[in-house]
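Please keep the sequence and the structure in view while reading.

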Amino acid sequence: MKRLLFAATALVGLALLPSGQAVAGPLCTNTVTVGSGGSVTTQSLLVAGACVAAGDKIFGDFAVGGDAPANGSASFTFLNPFGSVTLGFAGSFPESSVGTLHYTVGVSAAGLAAGWLITSLQKDFTVNASPNSAGPASAELVGTTNPLTSPTVAIDCIRTANPSGGSCPQVAFFNGVDSLTIDETLTTAANSVVTALSDTIGQSQVPEPFSLGILGLGLVGLGVARRRRGSVGESAA
């Protein structure tokens, strides 16, 4: 029986050992590390291979399209070395416009080693009436992710000004992923200007698969031992 348990432990251990796969995430040729609250220009992010390391997250593969402004800045805010990171864009997105934003975020090697995975994405933005106008304003943010949310939901929220309201922020969830590609489209109505956009990448710490496997085998071993003791007691009786 001891030999059987040892062999089973070895086989499960081999199956659960890391495969040596490279850390998933953006393609980086130049990575800038920032502290919490640190910011970089949007133009610097749009250079091919440019990445930003913030906390245990690596952001890169940035691209904008349509009427999205290429100027402005991006800030990165986090409370701990391991945990959620908020990516905030500051700039001026004009009225009656449609623009797109694309980027990829991945958990660093150190974060993955500590068992951290991305489990949520919160999206929000700020809309105001155009300068010299006090009329109503509104904008809509639609997003898609790869991998998809779990359960699959449509990322789609609206904010209004004068009066203030809407359905943002919106939170989507994932079954623990090491990287996430995000595409979002922002549409502003007439008399509406978006001045800020924020994405909060949330995550949770999960037990390592190898540790879970060993724990499971330990529980199996205890069950076998109890059955053996019961069988011995019955035989003695």
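**Overall make-up**

Among contacts in the chain between residues at least 6 apart in sequence, 75% join residues at least 24 apart. The model is a predicted one, and its chain holds 4 helices and 14 strands. Of the 237 residues of the chain, 36% count as buried.

- As a general point, the strands of a sheet pair through backbone hydrogen bonds, in either a parallel or an antiparallel manner.

**Strand 8 and its two partners**

- With strand 14, strand 8 pairs in the antiparallel sense over 13 bridges, and L121 has I201 as its bridge partner in strand 14.
- With strand 12, strand 8 pairs in the antiparallel sense over 5 bridges, and here S120 has F173 as its bridge partner in strand 12.
- Strand 8 is largely enclosed by the rest of the structure, because 10 of its 14 residues are buried.

**The largest nonpolar core**

- The largest nonpolar core has 40 residues, of which F59, F76, Y103 and F125 touch the most other members.
- Strand 8 (residues 116-129) supplies the largest share of this core, with 5 residues.
- Once its neighbours within four places in sequence are left aside, F125 is in contact with a set of residues that includes A139, L141, C157, I158, C168, L186, V194, A196 and L197, and also E140 and R159.

- V105 has its place in strand 7 (residues 98-107).
- Is V105 buried or exposed? Buried means under 20% relative accessible area, and V105 counts as buried because its relative accessible area is 0%.
- Leaving aside its neighbours within four places in sequence, V105 is in contact with P26, with K57, I58 and F59, with I118, with D178, S179 and L180, and with I201.
- One of these contact residues, S179, is 74 residues from V105 in sequence, while the C-alpha atoms of V105 and S179 are 5.6 Å apart in space.
- Another of them, F59, is in contact with V105 and is also among the residues that touch the most other members of the largest nonpolar core.

- In general, empty space is found by rolling a probe the size of a water molecule over the atoms.
- How many cavities of 30 Å³ or more does a search of the whole structure find? The search finds 1, and about 280 Å³ of space lies in the largest cavity.
- The lining of the largest cavity comprises 21 residues, and those nearest its centre are A68, P69, F89, F93 and L197.
- Two or more residues of this lining come from each of strand 6, strand 7, strand 13 (179-188) and strand 14 (192-205), and the largest share, 5 residues, comes from strand 6.
- L197, one of the residues nearest the centre of the largest cavity, is also among the contacts of F125.

Notes: Residues numbered from 1 in each chain as written. Predicted model: local features only at pLDDT ≥ 70, side-chain atom pairs only at ≥ 80, totals over all residues. Heavy atoms only, no water. Core = buried A, V, L, I, M, F, W, Y, C linked by side-chain atoms within 4.5 Å. Buried < 20%, exposed > 50% of the residue type's maximum accessible area, 1.4 Å probe, protein only. Contact = heavy atoms within 4.5 Å. 1 Å grid on protein atoms, 1.4 Å probe; cavity = no way out; pocket = protein on both sides within 12 Å on 5 of 7 lines; lining within 4 Å. Points joined across faces, edges and corners; volume = space filled by probe spheres on them. Pairing = 2+ DSSP bridges.
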